[in-house]
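Q: Could you take a close look at one part of this model for me? I'd like to go through a single chain and then see how it meets its partner.

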Amino acid sequence: MSATDRLGTSEGAQEMASRSATGADELDREGGVLRMPEGPVLDPADLIVEVVEDETMIINMGPQHPSTHGVLRLMIELDGETVLRTKPVIGYLHTGMEKTGEELTYLQGCTNVTRMDYLAPLFNECVFSMAVEQLLEIQVPPRATWIRMLLCELNRVSSHLVFMATNGMDVGAVSMMIYGFREREMILAFFEKCSGLRLNHDYIRPGGVAADLPDGWRDDVLAICDYIPGRLDQYDTLLTGQPIFHERTQGVGVITPEQALALSATGPILRSTGLAWDLRRDLPYQYYEQLEFDVIVGTYGDTFDRYAVRLNEMRESIRIIRQIVDLMPPGNYRVQDKKVTPPPRRRINESMEALIHHFKLFTEGFRVPEGEVYVSIESPRGELGCYLVSDGSARPYRMHIRDPSFANLQSLPTMMRGGFIADAVAVISSVDPVMGGVDR
Amino acid sequence: MPGLADLNHNFLTGTLENAVKWARRNSVWPATFGLACCAIEMMATGAAHFDISRFGMEVFRASPRQADLMIVAGRVSQKMAPVLRQVYDQMMEPKWVISMGVCASSGGMFNNYAIVQGVDQIVPVDVYAPGCPPGPETLLHSILTLHDKIRTGEITRRKAPAGTGS
Amino acid sequence: MTADAPVDGDAPAPEPQPELLHGALVSRWRGQVIAHPTRDAYVQVMKGLRDSGFDLCSDLCGVDYLTHPGRPLPGGVEPGRFEVVVNVVSTTQRRRVRVRVQVPGDDARVGSLFAVYPGSEAMEREAFDLLGIRFEGHPDLTRILMPEDWEGHPLRKDYPVGRVPVQFKAAAATR
C-alpha cells in the first residue's frame, strides 16, 4: 500500500448506522440500555421510544472538536435536541504502545508507559514498575515507596486540577481554565525539581525511583499544601454554589451503581453513584493502610456529583500528602540489587564491576523471571492496571495496561441517553477521558 | 501571498506589505489541534503563567476556517492523518503550521506501525518545536520564530510539501 | 472452593484434589488466584463467578504465545496459541480472580462475555482488533483502534513493528 492509499482510511463499520441497519443488541447498547443479567431491562419506561426513522438525525462530533477532550469522535443520534443513541469512535490516538513495549527493555518501559495517560504519568510508571517488581520478586526500600506515594498524590491533585479547568470551561466558566492551570504550575515546578520534566517524567522506575527528592522538598510540598486548599475554597465560591452551574450539572448524565458496575466504570464515576470502591482502601497497596483518609462518595451519580467527588478528592490528597511529609523515612531511594539498579555514575570511574553492570543494564537490560502478573492501583480516573507476561528475557513478552478511561467511555451512552445535546459536552467532561490512555 | 511578491516594490507597496505582515504576525489565531501530551503544554502556554495572549494568540478558534495557524500538538496516528489533512485544507490562506513536539516532527519515540513518522508527510510545516513535551518556553520560541518568518517574508517562499519524511 | 480429603491414621494420604473454581482448574502465584477453564466452559465459569459476587470485570485482554509456547501451565491445561485473560473483582468480598482461557491459533474463537459483563464489550473489540480473536455473541465485533480497512492484527507476534529505518540506529531490535 502506498502512502496515499494509507491516508484514505475508512471507519465505515465503526460509525453509527441508521436504525434499520443496526442489530437489536447494538441498538440497545448505543441507546444506553443495559440488559442486566438478573432479568428484565432496567428502566422499562424509558424504552418506549416512538421514533420514526427519518425524524432522527445522526450527527458527528469530532475528532477535532474543542470539547471532546482530545481526539474522541462521538456519533450521536438526535430526535430534535434529545440524544437517543451515542457511539464513541476511538483509535485516533492509537500509538501501538503495547507493541512498542515488547521491543523496549524493562528500564526503558517506563518512558513508553508514561505517555499513555498523560495527565497522570506517574501512575502509569508506578503500576508498570510494581508489576515488574512483583515478577522480579524484589522488595523496594520503604523510602522509595513513600516517595512514590507522595508524587502520585501530587499527581492526583494536578490531574484533578486539569479536570476542574476543562470541566469549568466546557460548562461555561472560561476563567476556570486559567485558575486550574495556575495551581498546576506550582505542582509541575516541584516535579521539574525532582525529575527534570514537567510532564512524562520517567521518574518511577522498576527498583525504586530515579533520584532522591531534592533538598528543601519539605518546604516546597508544604507550600503547595498551604496554598491549594484556599484556592479550592475559591473554586467552591465560583462553581459549587452557583445556580447556573447547578442547572447545567445537577441531574445531567445520571448513572446508577448497578449500571456503572456492569459497564466496568471505576474511579470517580463509580464513587459518584454511591459505591465506595477505592483501591487504596479496599485492596490496599504500598503503605496506604498506614494513612488516614476518607473515600469521597456521591449520591445521585450525576455530573455535579462527579465534580464534587473530584474536588473533595483533592482535599483528601492534600491531607494524605501532609501525613506522608511527616512519615517519610530516610534510606535508599532504590533497591540495592546490583542486577537491577544501575550503579551511581561516579562509581563507574572507580570500579570495573560497576562499569560492566552499567553497560549490561543499559544495553541488554535486566532479565525478569518467567511469569505473569496483574497489578492495579487507583489512578485519578479509576483502576489502572498492568498485566505483564515475561518469558525470562530482558524485554516484556506482553505488556497490557488496563486503562480506566477506556472502560469509563463505555458508560457514555447510558449517561447521555435522554439528555440534550448541550448536556453532552458537560457529560463528556465529567467522565474526564484521556485519549492517550484510551487508545494507547 | 505570491501576488504581492511579484510587484515591483516601490515605497507605497513596500510600506503596505510591511503593514500587512505586521497585522498578520501580531494576531495569528491558532486552530485547536491538540492531540496528546503536547496539547496539555499548549494549554499551559495559553494559561496565565506563560500567557500566549501577549502575542495576540489566546483565541484558539475551533473552526479551521477562522484560524491562521495549526499547531499540531501530539502524535498523529494513521487514523488521524486524513482528518489532519482535511482540517488543514479547510483553513484559509495564509496559513502556517507549527509541528510541536518530537512525535509530530518525526514520529518521536514511536517508530512503529501506528504513528505517522513526521507530520510533514501530510502538511507542509513551517516551524518544528522539539521536546517531549516541549515546555511552554520552547513553544513560545517557535511562535516567535514563526513571527520572524512572517516578518521577513520567508513565508512567501515556502517549500512544497515534503512527502519524503525526515 | 478446595476439596481436602481427610487423612486416615494408617492409610497412605490420597493424592490432593486439584482446586476447582466453578469447575475450572485453579493455580496460585503469590496470593493471586488464577482459574483455567476450558474454552467451552469459559462463559459458564464467568457466569458462576458473577453469581458468586464478582461484580466488576476490570480487564479482558489477549496474549499471543506464538514465540513462547512452553510457558508454565497447571497440569491438564492444553496450551493454545492465544490466551484470553480476564480479571474480575468482587467489590463486596474485596477479592480478585484472574481467568485464563486457551484459544487455538487455527480456530481463534471464544464466547463473548457481553451478556455476563456488559463492560467487557470494548475490551473484546480491542482483543479482536489487535489479535484477531473472534468473540461469539458480541453485538458489534468491528475494529476499534485501527482504521476499518486495516489489514492484519498488529499485536500478533508475526506482525512486524513497522519500524522505519533511522540513520545511526539499527533497524531491528534484538531480543
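Among contacts in chain A between residues at least 6 apart in sequence, what percentage join residues at least 24 apart?

A: That share is 71% in chain A, with contact meaning heavy atoms within 4.5 Å. Keep in mind that this is a predicted model, where local features need pLDDT of at least 70, side-chain atom pairs count only at pLDDT 80 or more, and totals for chains, interfaces and linings use all residues. Residues are numbered from 1 along each chain as its sequence is written, chains are lettered from A in the order in which they are written, and side-chain values use heavy atoms, leaving out hydrogens and water.

As for the fold, chain A has 19 helices and eight strands, counted as DSSP runs (helices H or I, at least four residues; strands E, at least two). Its radius of gyration, taken over C-alpha atoms, is 23 Å, close to the 22 Å that the globule rule gives for 440 residues, so chain A is as compact as a globular protein of that length. That rule is 2.2 Å times the number of residues to the power 0.38. Along the principal axes, the C-alpha atoms of chain A fill a box of roughly 80 × 55 × 45 Å.

Now for the partner. Chain A puts 36 residues into the contact and chain B puts in 35. Together they bury about 3,100 Å², 66% of it on carbon and sulfur atoms; buried area is the accessible area (1.4 Å probe) that two parts lose on being put together, summed over both. On the chain B side, I40(B), R75(B) and K79(B) supply 21% of the area that chain B buries against chain A, more than any other three residues.
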